[in-house]
Structure formats: structure tokens, C-alpha cells
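Dear colleague,

Please find below the structure that I am passing on to you, followed by a short account of what was found in it.

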Amino acid sequence: MADKAKSVSEFLEVFRCPYCKNSFRAVDLKSLKCPNNHTFDFAKQGYVNMMIRPSISHYNKALFEARQKMIMESHLYSLLHKEISNLIKEHLGESSSPSLILDAGCGEGSHLQKIIEEARNSSITGIGLDISKEGILMAAKKYKNLIWLVGDVANAPFVDQSFQIILNILSPSNYTEFKRLLAPNGLVMKVVPRSSYLKELREALLNDTEKKVYQNDDIVYLFKKHFQLKDVISLRYTKKLEQTELEHFVQMSPLSWTSNQADIEAFILKGFSEVTIDLDILIGLNKKNEEKSEVINNGKSMS
Ligand SMILES: C[S@@+](CC[C@H](N)C(=O)[O-])C[C@H]1O[C@@H](n2cnc3c(N)ncnc32)[C@H](O)[C@@H]1O
Ligand SMILES: [Zn+2]
């Protein structure tokens, strides 16, 4: 814990109090304290909880564990990680000056861990922020080289222009905050589902009226209103999963929350299945004109 407090202390100037927006000082490698005495302690696993209201996340431990297995053991998102880390390398170039990458809505942290690993640049520091304490607890236990915070994307506890890159993978956004947080020439990379994302799961678990074709046009439209759209990279591939992997595959999606247990079992009992990943990476540069925005969700059932 002291180690982690030390590493957060190295970046102390990046954090700000979510209540009064003042900067922090580190107290005894145990907590962060602002001039108004708002105090945030390091948990023993090394993360800091910076929520100022009770966090309501529907994502539970079982879902995060399943996501972790699909990401780290089944490598379901490896091509996504490779693509994003290449984009990061391209953007940061050979620069050896310190760069900060925020994963906003990082869940249990595996995407950020993988992406930073692949980027192979020791001057990058990754910070993961999520409203779910369960998710951040798992991340902090497992990925000790990164910084983990429980917090809200709508009230992110960082000073302006702190990040060279903001990642936002299948998670809600707050574009006003993202624009505030991005360094000049900083990039936001938002990953959103396309129409065939997890289509096998939707075909198995949704009824006919629910099986409407999913399109991300509204998300792209809104993104373009806030950022200068530099590129959209579409990634589509399939992967064969075995029966044990199928169990995690079902559990990693909020679709399983509302689905019929018999349909879930039938899907898993098929033994193996080919599943489809179909995603867009929206890449945006900060635009100058400010507009007010709220937390924007991207269709929970597709996550
Ligand atoms: C579908 S999960 C994606 C998690 C992770 N990016 C992944 O792909 O595994 C959506 C995440 O957004 C988080 N979330 C929802 N609202 C949030 C908010 N206002 N601030 C921060 N995180 C939020 C949830 O707790 C959840 O971890
Ligand atoms: Zn304060």
C-alpha cells in the first residue's frame, strides 16, 4: 500500500479534490488531503475511493470475473488491444517524456493492463477510473503497476489537461469532462459496439422483438459534435470458444441479467461456438468550442 501511495504521490499534481477541486497533499503515505480537509485514504490494496456519493453500479463481481477471464485467458479482445496500443505508439511517437493515459470506465482493469503492456513504453503511466468498487478492487489486487481509482466520469478527480490519451471502452462517457481532462492535442479513443458485436449471444438470448438491429450512429454523431473525428477504425473478427469459455462469455455481458436461464444453459451446452467481435474505435481530437454534456450511456445490453 505504501508503495502505491508513493507512486500516486509522484503524480500528485494530477489529482484534484472531487468536492472542492483543490489540489491534494499526501499525508503519511496513507491519504490524500485537500486544503479544506477533504481526505481520501488509500485502501490496503492501493486504490483510492474518490466517490462523493454512493456509487451505483449494476456490474457485479461475477460479471467482472467473467470479463477478466475472457480478456486475459481467452484473449477475446487481443486484436483490439493491439490496435489501440499501435494507435498510442503512433500518437506518442518516440517521446520519452512522461505520458498519462486514463481508462474512463475501466471495469476490472484488464483492458488497460493489456494495452499498456503492448505499448511497451516505460514513460507511460496508466490510470483506471470506474464507479464500481468491485471492479477497482479486482484491478488493484491484480495489476499493481497501474493507478486505480473509484470515481465518476462525470466528476473526474483530475486537474485540467492531464492526459495525453483517454480510453473509453464500452463504457459511459462524459464529453465535457473528457475535453477538460485532455492535454492539448490529446486524443480520446472510444470503443463502441457495431451491429454484429456478440451477435451469437443476442440471437440465443433475446426474443424477436428485442433482436432489433443495433446501430451506433447516434453515438458517432454525438462524438463528432464534441471532438474532431480523426478516424474510425472498425474491427470485426470471430473466435471459437469452448464450453468453459462459453460460460464466462455469457456471464461477461449484462444480457445474461435479464435472460431466461434455460436459454443461457442451452447456449453453453452447445459445447463450442464461434463468437463475433464487431467494434468501432472512434478517435477524436479536442475541439475548442465547449458544449455542455451529460453522462452518455452506450446501450448497456450491448456491452
Ligand atoms: C460494460 S462495462 C465495461 C468495463 C470495461 N471497460 C470493459 O470493457 O470490460 C461498463 C463500465 O462502466 C462503469 N461505469 C458506469 N457508469 C460510470 C460512471 N459514471 N463513471 C465511471 N464508470 C462508470 C461500470 O461500473 C462498468 O465497469
Ligand atoms: Zn476538497
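An open sheet of eight strands runs in the order E4-E7-E6-E5-E8-E9-E11-E10, with mixed pairing. Strand E4 (48-49) and strand E10 (227-242) form its edges, each pairing on one side only. Please bear in mind that the model is predicted.

Within this sheet, strand E9, which spans residues 182-193, and strand E11, which spans residues 272-286, are antiparallel and are joined by seven bridges. Met189 has Ile283 in E11 opposite it.

The second topic is the ligand. Around ligand 1 there are 19 residues, of which Arg67, Gly105, Asp130, Asp152 and Ile169 come nearest. Sorted by class, this shell holds eight nonpolar residues, eight polar ones and three charged ones.

Which atoms of Ile131, Ile169 and Ser171 approach ligand 1? Ser171, by contrast, uses its side chain, a polar atom of which is 3.5 Å from an oxygen atom of ligand 1. On its own, ligand 1 has 600 Å² of accessible area, and the protein covers 95% of this.

Yours sincerely

Technical notes: Residues numbered from 1 in each chain as written. Chains lettered and ligands numbered in written order. Predicted model: local features only at pLDDT ≥ 70, side-chain atom pairs only at ≥ 80, totals over all residues. Heavy atoms only, no water. Pairing = 2+ DSSP bridges. Helix = DSSP H or I, 4+ residues; strand = E, 2+ residues; numbered from the N terminus. Near = heavy atom within 4 Å. Polar contact = N/O pair within 3.5 Å; in protein donor to acceptor, adjacent residues only side chain to side chain. Areas by Shrake-Rupley, 256 points an atom, 1.4 Å probe, with all protein chains shown as cover. Nonpolar A, V, L, I, M, F, W, Y, C, P; charged D, E, K, R; others polar.
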